[in-house]
Amino acid sequence: MISSAVVQLHLRWLPTGNFFLWGILKARRYTMAAPVLKHHLFAWHEGSSYGTFVDCMELDHKDGLLLPPLLALELLSAPEASINPFFSVEWDEEGLDLLRIAPNLMKALESGSLLPDFEKWKSGQIGWKLPFDVQSPLPYLEEWLERLLEEKMQRGEAMYRGLAQLKAASAILDDRAVPEELWRDENDWLRSIGWLEEESPFRTGLRLSEPVLDGPWLLEVVLQDKENPEQLVLCSPFGRPYRAEDAPEAWLPSLDEAAEAIRKWTLLVPWLQEGEARRHIRTALTDSEAWLFLSEASLRLVQFGYPVLLPAWWEQLTPARTRLKAKIKSSVGSPQQALFGLDQIVQFDWRLAIGDTDLTEEDMARILAGGNPLVRAGGQWVLLDASQLEQVRRILGRVKRKDGLSLRDVLELHLLGSPLDGDGEETAGSGLEGIEVELNRHLLQLIDQLREASSLPLLTPPEGFRGQLRRYQVEGASWLLFLRRFGLGGCLADDMGLGKTVQFITYLLSVKEGENPSSPALLICPTSVIGNWQKELERFAPELTVHLHYGPGRAKGDDFLEATQEADVVICSYALAHLDEAELGMVEWNAICLDEAQNIKNAYTKQSSAVRRLKARHRIAMTGTPMENRLTELWSIFDFINSGYLGSLREFTARFVAPIERGGDRSLIEGLQRFIRPFLLRRVKHDPAIELDLPEKQESKAYVSLTPEQAAMYEQVIQDLFAKLEQLSPMERRGQILAVLTKLKQLCDHPALYSKEQTEGFTEERSVKMQRLLEMIAELRTEGDRCLVFTQFVEMGHQLQAWLSKELGEPILFLHGGCPKQERDAIIERFQAPAAEGKETCGVLILSLKAGGVGLNLTAANHVFHFDRWWNPAVENQATDRAFRIGQTKHVQVHKFVTLGTLEERIDEMIERKQGLSQHIVGGGEQWITELSASDLRELFKLRREWVNT
């Protein structure tokens, strides 16, 4: 039977602060089951319900009991009162040591004779003085003692409530400024931490009272009755009641305690002492000293157990909202001040408002000059936000340096709510929140009109305009003229096909008729659309004199200057803006307009820099894609139209680009939208307000597969890439990935394009994509429809031209970057020519994407084929909009070829899932692919052979 067997008991201290106890049946050498063991060991222990609430656990493959610190002490201090008397036990060596210590430890706990160790506490530790000797020290004894005390305290035993105060007081020692002479002896320290009861019937404290009228803050020594805290006796600065009769007779023997408290206060908070001797306390405090007492000294005194009585409103006090108000002085924005620009300085009267109270100039100056955030406003004390005060000082310093705020600053305050820092700081969000600008009627009207272009008064179409303008086009031209009046640049960012050209022509005619400027306007555009601009100007504004600055015979030097004197408009290409910067810089243009302004999206190119250096009274950018891939492209265009409006490129990147492109910060996106909206006018085709009545545009995917030959070559290219990818530098890696991307696209078009074969190799049997293109074009041509075919590979365009011409038996046109201007114009005119009896029409126009993707009106086509993909939705949509634009009368069908099982299909899926960032602000390119990890690249490039055409 177990009851007659001897059980060896083993104890182990655990890092959790508990003991683990297990028993081994000595005769049989196996571990006793924990449920049996606990009911024997706690058979007479009422507190654990005779072992019922003792937890069993397994540790190191041993079955045993988990004993909390106090339960273990109760078992060890009186085992005979707990263990079944018929249960024979033997303790291990550690258990025997504990059996010797436990009774004395229990007695010390119950009598309260266990005291904190003052010397250990001063060294930054919590230690204990035992009222008995420990012959065999245990390494965990101090921790066990602390756990026991915590358990006693949690049970609500009064004598151990001081443990919490001891722990709080220990944190004070982290402040090494605590003077050693603060306590007279150990008992003094024990009383100050609340371990021993204070003998005096009162506590000595301080009371702070707010000023009466213009007087100082009053700091008074008070004696507070322990039994009745509401009873206070006011004392002199050295701790004696002003009137002896105010202090009860029982307090008199303890009055020296008040003087001792004052001594300690002046040790803890030295600036409170009056004079050199630490016996007097200050009675009058300035506003700054009162703030120091409220925010710092009172907390320190309370930490050391001294009562501090503060004004009732202090606990509920929260920082008041501080606002800087600016009321405009001048008549800025009035009709008499028509032209001023973003750099125009606006003069203001400045006021500081706290809550609902406007301060006087004197109060404002006093508050900003001092460092005290506690001020009296509107008859009550308020707490100012220190960071807001610092922001107010900074903006006023900036205003002082600039003699006011610029119109740009005013717009930023109204539109963004937190201005960019104009002093070169490059931290995100470095503006001023809470600044309120009170504008005059003229500026308010100006900002409202900038926010909503449709609210502007509409111009009367100029007499020289030949054509019919839609209402939104009149609004666009009116908007440009409105900005011109105030010297502000603008970006006309209407959807492709909405007639940005006629809006600018209307603007030019209105400027000529209304101002008769002494210098011409300069139009800079891609070479591919120069001819288009000539024809549109001739068609809509024949009275405008146009000078074409283009070609090898173009005027130079003084001849150029003479040629421009008789012109209303000078047209040149982006390339010549850099090459002929000397000539173009000779003229201060009455306006500069950039068509397809995305050409300056890279701010660091020589072309972009040259364009920005040209002088002009007014600057206009026109583009359907103000940004294609990155927000910095938007910055580049804005830096042209309104230099400095978005800050420097580094400031703009830190504040907007990085957080938006990294995490899509919605609040920043919305803030940027508000900020750019006054100078960016964008309307889209499907906006009901446009009322275009355009026919529908239908997009569809034409899915094709690879031939076995293409599949084999495709896999070989991928294997070659990954065989050397890991050995490349980051720059080499990017270049290699882009090169492979091009190769894979070429393979998806036709293997002969990749291997650079002669024309004989371009047979339709080797490319399903070519077969499908022929089938679709042949079908639409039988119905009399015309089409555009876009490819990014010029060689592919040449081969398609020759092959389709042979298969369809009709002439095929090909427009690419190598076509001279005259040939380009002839191709467009021939394709757009209406069908006529006896006249052969051209129904298929092949275009290289870069040369034919912008600036062309090709509404004769109602089918658009993207033979290979640019993987930039914005660029592809630009190309599609050559046909889907004003003047189109048929439904436009867009066909995008996708080769199944290849990267074409995978990237197409990714684009469908994730739209570009530009939709949030006003396309994505291919550069992002180079940043993918090797595993992601494998997944993107790998060939799914189930789609190979076998």
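This report describes the strands, cores, aromatic pairs and selected residues of one predicted model.

## Basis of the description

Because the model is predicted, local features need pLDDT of at least 70 and side-chain atom pairs count only at pLDDT 80 or more, while totals for chains, interfaces and linings use all residues. Residues are numbered from 1 along each chain as its sequence is written, and side-chain values use heavy atoms, with hydrogens and water left out.

Helices (H or I, at least four residues) and strands (E, at least two) are DSSP runs, numbered from the N terminus. A residue is called buried under 20% relative accessible area, exposed over 50% and partly exposed in between, with a 1.4 Å probe and protein chains only.

## Strands and sheets

Strands of a sheet pair through backbone hydrogen bonds, either parallel or antiparallel. Two strands are taken as paired if DSSP finds at least two bridges between them.

Strand β20 (residues 380-384) has four of its five residues buried, so it is largely enclosed by the rest of the structure. Strand β14 (residues 319-320) runs parallel to β20 and is joined to it by two bridges; here A320 stands opposite L384. Strand β19 (residues 374-377) runs antiparallel to β20, with four bridges between them, and V375 has V382 in β20 as its bridge partner.

## Nonpolar cores and a helix face

In soluble globular proteins, nonpolar side chains tend to be buried together. A nonpolar core is here a set of buried Ala, Val, Leu, Ile, Met, Phe, Trp, Tyr and Cys residues joined through side-chain atoms within 4.5 Å. The largest such core comprises 110 residues, and I524, W533 and L788 have the most contacts inside it. A second, separate core of 42 residues includes L25, L70, I83 and F87.

Contact means heavy atoms within 4.5 Å. Leaving aside residues up to four places away in sequence, L788 touches several residues, including F831, L845, L847 and L858.

In helix α34 (residues 934-941), the buried residues are L937, L940 and F941. Seen down the axis of α34, these buried residues fall within an arc of 85°, so they line one face of the helix; the arc is that of the directions from the helix axis to the C-beta atoms.

## Aromatic rings

Rings of Phe, Tyr and Trp (its six-membered ring) pair if their centres lie within 6.5 Å; planes under 30 degrees apart count as stacked, over 60 as edge-to-face and the rest as tilted. The whole structure holds 21 aromatic pairs. One of them joins W265 and Y306, whose ring centres are 6.0 Å apart and whose planes stand at 90°, so the pair is edge-to-face. W265 lies in helix α8 (residues 256-268) and Y306 in the loop between α9 (287-303) and β13 (308-309), so the pair ties together parts that are 41 residues apart in sequence. W265 is buried at a relative accessible area of 0%, and Y306 also counts as buried, at 15%.

F638 and Y645 form a stacked pair, with 6.4 Å centre to centre and 25° between the planes. F638 is buried at 1% relative accessibility, and Y645 is buried at 0%.

A charge sits over a ring if NZ of Lys or CZ of Arg is within 6 Å of the ring centre and within 35 degrees of the ring normal. The charged end of R786 sits over the ring of F831, 5.9 Å from its centre, and R938 lies over the face of F722 at 4.2 Å from the ring centre.

## Residues with positive phi

Most residues other than glycine have a negative phi, and most peptide bonds are trans. S49, which is not a glycine, has a positive phi of about 55°. S49 is found in the loop between α1 (34-41) and β4 and is partly exposed at 28% relative accessibility.

E596, likewise not a glycine, has a positive phi of about 50°. E596 lies in the loop between β27 (591-595) and α20 (606-613) and counts as buried at 3% relative accessibility.
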